[in-house]
Number of protein chains: 2
Amino acid sequence: MPRPSEPTRERIIKAASALFYSEGIRRVSVDEVAAKAGLTKRTLYYHFRSKDDLVAAYLAARDQPNLVLFRTWFADAEGGVPAKVEAIFRNLARSARHPKWKGCGFLRTSAELANMPGHPAIRIGAAHKKKFEDWMRATFAAEGISDPLQLARQVLLLLDGSFAVVLLHRDASYMETAGEAVRALIEMALAKRRSRKRQLPG
Amino acid sequence: MPRPSEPTRERIIKAASALFYSEGIRRVSVDEVAAKAGLTKRTLYYHFRSKDDLVAAYLAARDQPNLVLFRTWFADAEGGVPAKVEAIFRNLARSARHPKWKGCGFLRTSAELANMPGHPAIRIGAAHKKKFEDWMRATFAAEGISDPLQLARQVLLLLDGSFAVVLLHRDASYMETAGEAVRALIEMALAKRRSRKRQLPG
DNA sequence: GTATGTATACTAACCAGTGAATATACACAA
DNA sequence: TTGTGTATATTCACTGGTTAGTATACATAC
C-alpha cells in the first residue's frame, strides 16, 4: 500500500525521536521503535538502511525546530540584545522544569557515540550547534561588537554547559545563572564598543 | 589465594575505567572488563554486585584525582585568581588535544544514564561537580566577591560547556575561549568589590 | 505487471548474571 | 610439626533474554 511514503517515514522518525530522546540511543531497540510506530521492524528497515541511519534522521528532524524555537524566544523578548539572549536561557529553564526534559538530544547523542567521531549523527549535531553559533555571531556583528565570534562561542559554551549541568543536578536554576553570565558578557562587549566609538572623531 | 584483595579490585576498576571512559558504559560488556583485567567474569562478580556497581566504582575512583589535578593547575599558575582559574581551562585544552581524550567521564555517564535519575553513578558525578563548585565558591569568597556562589556556578557552567562543545566539535580552542569568559567574569566581580570598597570610609 | 511497501519468521551474536565446584591462606588444635 | 576447618578468592560452564539485521513471501496502487 504505497501510501505517499511520507507518513510512514515520518511516523517512524516521530517514534524514534520520542524513544531515543527519552531513553537514549543504545537503550532503545529497533523493535521498540517499530512497535511504537505501529509497524514491524522489517518495514522500518525498508525505510532506513540501519539503526545508525535512523539515529541520524532523528537528530536531523530536530535541527530546524530547535533553532526556530530559539529564534522565537529571542524575537518575542523585550529589551536589547542582552535581554533577548538572556530570555533564551529563561525559556530554556522553564522547559527544563518539565519532568520529561532530558537535556539536549544532540549533546547526549554525542556523549553516547563519543567513540565514533565520524558518526553521521555527530556531524548533524555539530552542524546544529554551528548554526546556533553563527546566528549569535551575526546578531553580535550587527550590534558592532568587535569580536562577535568569540562572544557567540561563549554564549554557546554557556548554553551547552547549562544542558550538561542541569541534566546532572536536575536543578534548572543553573540556566538562569548562565543567562545572567551571558547578559553580563554581552553588556561588557557592548560597553567596549561604545567606549571605542566615543574615542572616534565626530 | 587471598592476596590482600586490594590489587584485584583495583585492577578491575582500572580496566573498567579505561574501557568505560573510552567506549562508553553500555557499549562495554562485563566480559570485556574482566578480560582486560585478566580474570573471568565470575571473579568480577565476586568483587562487585552488579555492572551498575562497577560503573559507580569507576566514577568514584576518578573523583579525587580529577579534583587534585584542577587544584594543582590552579596552584601552579602565576598571577591572581582570574589568571589561576583561566589556567585550569588552558591546561584542560592541552589535555583535550590528546587523541585519547573523550570529554568528561562524569558528564558522559550522566548523559548515557539520563533515564535513570537516581542511579548511584549519577549521584557520584553530581557530588563531584558540587565539590568543584564549592572549591570555587570558597576561593571567590576569600577574595571578597559579593556573590561567590553565583560566580562559582558560572565557572562550572563554562567548564562543563567546554567538555560538551569540545567533545562535539573536537576543537579544543573552545576551552581557551571559555577560559577568557571566566577571566572576564571574575575580573568584573573583583572590580565591583573594589569599587564598593572604595565607597567605604577610610 | 511492475514499483512500492508491509509482514512472518528467522539467524547469529551478544550480554548480565548465576550454580556448582575448586583452590589457597591462615587460625588453631593435637 | 602436622592436621583440619573456614573464610577468601577464583574458575568453568551455563541460562534466559535481547539485539541488529535478513530471506522470503505477500499485498496494493497505478
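**Exercise 1.** Find out which residues Ala184(B) touches, leaving aside residues up to four places away in sequence, and decide whether Ala184(B) is buried or exposed.

*Solution.* Keep in mind that this is a predicted model.
- Step 1: look around Ala184(B), and you'll find it touching Leu185(A) and Met188(A).
- Step 2: place Ala184(B) in its chain. It sits in helix α9 of chain B, which covers residues 173-199.
- Step 3: check the accessible area. Buried means under 20% relative accessible area. Ala184(B) has 18%, so it counts as buried.

**Exercise 2.** Work out how helices α5(B) and α8(B) are oriented to each other, and which residues meet between them.

*Solution.* 
- Step 1: pick out the two helices of chain B: α5 is residues 81-96 and α8 is residues 148-169.
- Step 2: take the angle and the spacing. They pack at about 15°, and their axes are 12 Å apart.
- Step 3: name the arrangement. Angles under 35 degrees count as roughly parallel, so that's what α5(B) and α8(B) are.
- Step 4: get the handedness. The crossing of α5(B) past α8(B) is right-handed.
- Step 5: list who meets whom. From α5(B) come Val85(B), Phe89(B), Leu92(B) and Ala96(B); from α8(B) come Val155(B), Leu158(B), Leu159(B), Ser162(B), Phe163(B) and Val166(B).
- Step 6: sort the residues of this contact: nine are nonpolar, one is polar and none is charged.

**Exercise 3.** What kind of axis relates chain A and chain B?

*Solution.* 
- Step 1: A turn of 180° with a shift of 0.0 Å along the axis does it, with an RMSD of 0.0 Å.
- Step 2: read off the relation, which is that of a two-fold axis.
- Step 3: compare the contact surfaces. Both copies use the same one, as 100% of chain A's contact residues recur in chain B.
- Step 4: find the residue of chain A that comes closest to the rotation axis: Gly161(A), with its C-alpha at 1.7 Å.

**Exercise 4.** Describe chain A as a whole: how many helices and strands does it have, and what share of it is buried?

*Solution.* 
- Step 1: count the elements, and you get nine helices and zero strands.
- Step 2: size it up. Along the principal axes, the C-alpha atoms fill a box of roughly 70 × 35 × 35 Å.
- Step 3: of the 202 residues in chain A, 53% are buried.

Conventions:
Residues are numbered from 1 along each chain as its sequence is written. Chains are lettered from A and ligands numbered from 1 in the order in which they are written. This is a predicted model: local features need pLDDT of at least 70, side-chain atom pairs count only at pLDDT 80 or more; totals for chains, interfaces and linings use all residues. Side-chain values use heavy atoms; hydrogens and water are left out. Axes are lines fitted to C-alpha atoms, for helices over the stretch in contact, and angles run from 0 to 180 degrees between N-to-C directions. Helices (H or I, at least four residues) and strands (E, at least two) are DSSP runs, numbered from the N terminus. Angles under 35 degrees count as roughly parallel, over 145 as roughly antiparallel, 65 to 115 as roughly perpendicular and the rest as oblique. A crossing is left-handed if the near helix is turned anticlockwise from the far one by less than a right angle, and right-handed if clockwise. Contact means heavy atoms within 4.5 Å. Ala, Val, Leu, Ile, Met, Phe, Trp, Tyr, Cys and Pro count as nonpolar, Asp, Glu, Lys and Arg as charged, and the others, Gly among them, as polar. Buried means under 20% relative accessible area, exposed over 50%, partly exposed in between (1.4 Å probe, protein chains only). Copies are superposed by least squares on the C-alpha atoms of residues with pLDDT of at least 70 in both.
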